[in-house]
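Colleague: I am new to this structure. Please show me how to read it.

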Amino acid sequence: MGVGMQSVEGKIVLITGAAMGMGRLYAERAIAEGAKSVVLWDLDGPGLAATRDEIGRPGTQIHAYVVDVASLSDITTAAARVRSEVGDPDVVINNAGIVRSKLFWEHDHTRDIAAVMDINVLALMHITREFLPAMIANPGPARILNVASASGMLSVPRMSVYAASKWAVIGWSDSVRLELLRAGHGHVRVTTLIPSYITTGMFAGARAPLLTPLMEPEDVVDRAWRAMKRGKARLMMPWSVWLSGALRGVLPQPLWDVLADRVFRVYSSMDHFTGRRPRPGA
């Protein structure tokens with residue numbers, strides 16, 4: 001049986017993509033619960049510094065590190081600094097991610113394919129690999145929250161590389177969860193977050209499929225935070241993500257294609273995507 005986690009009070013919480021959006025919301029939640037230290041990772045140095053200064057409050061130490069999570073050397077260097085300067089994290093929230101929306105043959109090898117896979121997949125693996133051994137060794141409850149996407153369960157035109165990255169995250173994240181349980185390390189729990197479109201600006205211009213409203217980041221963070229502390233295996237939001245996945249699994253492909261295209265409008269959801277302006281290095 002796993003060890004329960006009622007709150008992150010007194011714990012060390014590390015969050016990637018923490019300069020803005022949902023990353024900042026996770027940081028604010030950790031501070032509100034009385035975390036001992038909150039470690040912020042982001043490539044956006046000015047944004048990171050502003051967030052650190054704005055969310056700080058007495059009782060919680062805020063540590064900000066400019067890290068390019070697309071770089072393994074950056075990750076290993078920053079992780080060593082965290083262990084030396086802060087301590088071993090009890091909670092790791094792999095939140096950082098980017099999206100590229102275009103036809104596959106229009107993707108650039110480096111700026112699109114490599115960047116998406118490095119940041120959305122390999123970074124999560126490398127970061128978790130850095131901190132997981134200490135989580136296993138320490139007896140207290142520990143948590144890992146990996147942010148995937150409904151695009152990791154459903155094929156979406158103009159999202160081939162992004163969808164591939166999120167399919168990889170779901171398979172890897174849930175496999176690690178099972179490995180920990182089977183190895184007797186039930187105090188370390190892995191939660192995979194699988195949301196549809198969120199109104200953070202990252203998916204500006206995307207059109208919500210039928211029965212799948214655009215979600216507010218505060219609501220997603222609230223539910224994800226609670227699921228993470230409970231050690232819930234996966235959280236799919238909203239309920240229609242589960243429905244779509246179930247239908248795709250049981251219907252013949254031609255019938256699902258018709259439903260996804262003409263009824264649910266999944267296949268056209270990115271036709272008018274604009275996205276927000278890329279941040280430095282994205």
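Predicted model: local features only at pLDDT ≥ 70, side-chain atom pairs only at ≥ 80, totals over all residues.

Colleague: Why is S2 described as largely enclosed by the rest of the structure?

Modeller: Start with the terms. Strands (E, at least two residues) and helices (H or I, at least four) are DSSP runs, numbered from the N terminus. Buried means under 20% relative accessible area, exposed over 50%, and partly exposed in between (1.4 Å probe, protein chains only). Six of the six residues of S2 are buried, so the strand is largely enclosed. Ser37, Val39 and Trp41 lie on one side, and Val38, Leu40 and Asp42 on the other.

Colleague: Which strands pair with S2?

Modeller: Two strands pair if DSSP finds at least two bridges between them. S1 and S2 run parallel, joined by five bridges. Thr16 has Trp41 as its bridge partner in S2. From S1 the chain passes through helix H1 (residues 21–32) to S2, in a right-handed β-α-β crossover. Right-handed means that, with the strands pointing away from the viewer, the path from the first strand over the helix to the second runs clockwise.
S2 also pairs with strand S3 (residues 61–66), in the parallel sense, over six bridges. There, Val38 stands opposite Ile62. The crossover from S2 to S3 goes through helix H2 (residues 45–55) and is right-handed.

Colleague: How many aromatic pairs are there?

Modeller: A pair of aromatic rings is described by the distance of the centres and the angle of the planes. Rings of Phe, Tyr and Trp (its six-membered ring) pair if their centres lie within 6.5 Å; planes under 30 degrees apart count as stacked, over 60 as edge-to-face and the rest as tilted. The count is one. Trp41 and Phe131 have ring centres 6.2 Å apart and planes at 55°, so the pair is tilted. Trp41 is in strand S2 and Phe131 in helix H4, 90 residues apart.

Colleague: Which residues touch the most other members of the largest nonpolar core?

Modeller: A nonpolar core is a set of buried Ala, Val, Leu, Ile, Met, Phe, Trp, Tyr and Cys residues joined through side-chain atoms within 4.5 Å. In this core of 51 residues, they are Val39, Trp41, Val69, Val82, Ile127 and Phe131. H4 gives the most to this core, 10 residues. Another core, of 33 residues, lies apart and includes Val38 and Trp225.

Methods: Residues numbered from 1 in each chain as written. Heavy atoms only, no water.
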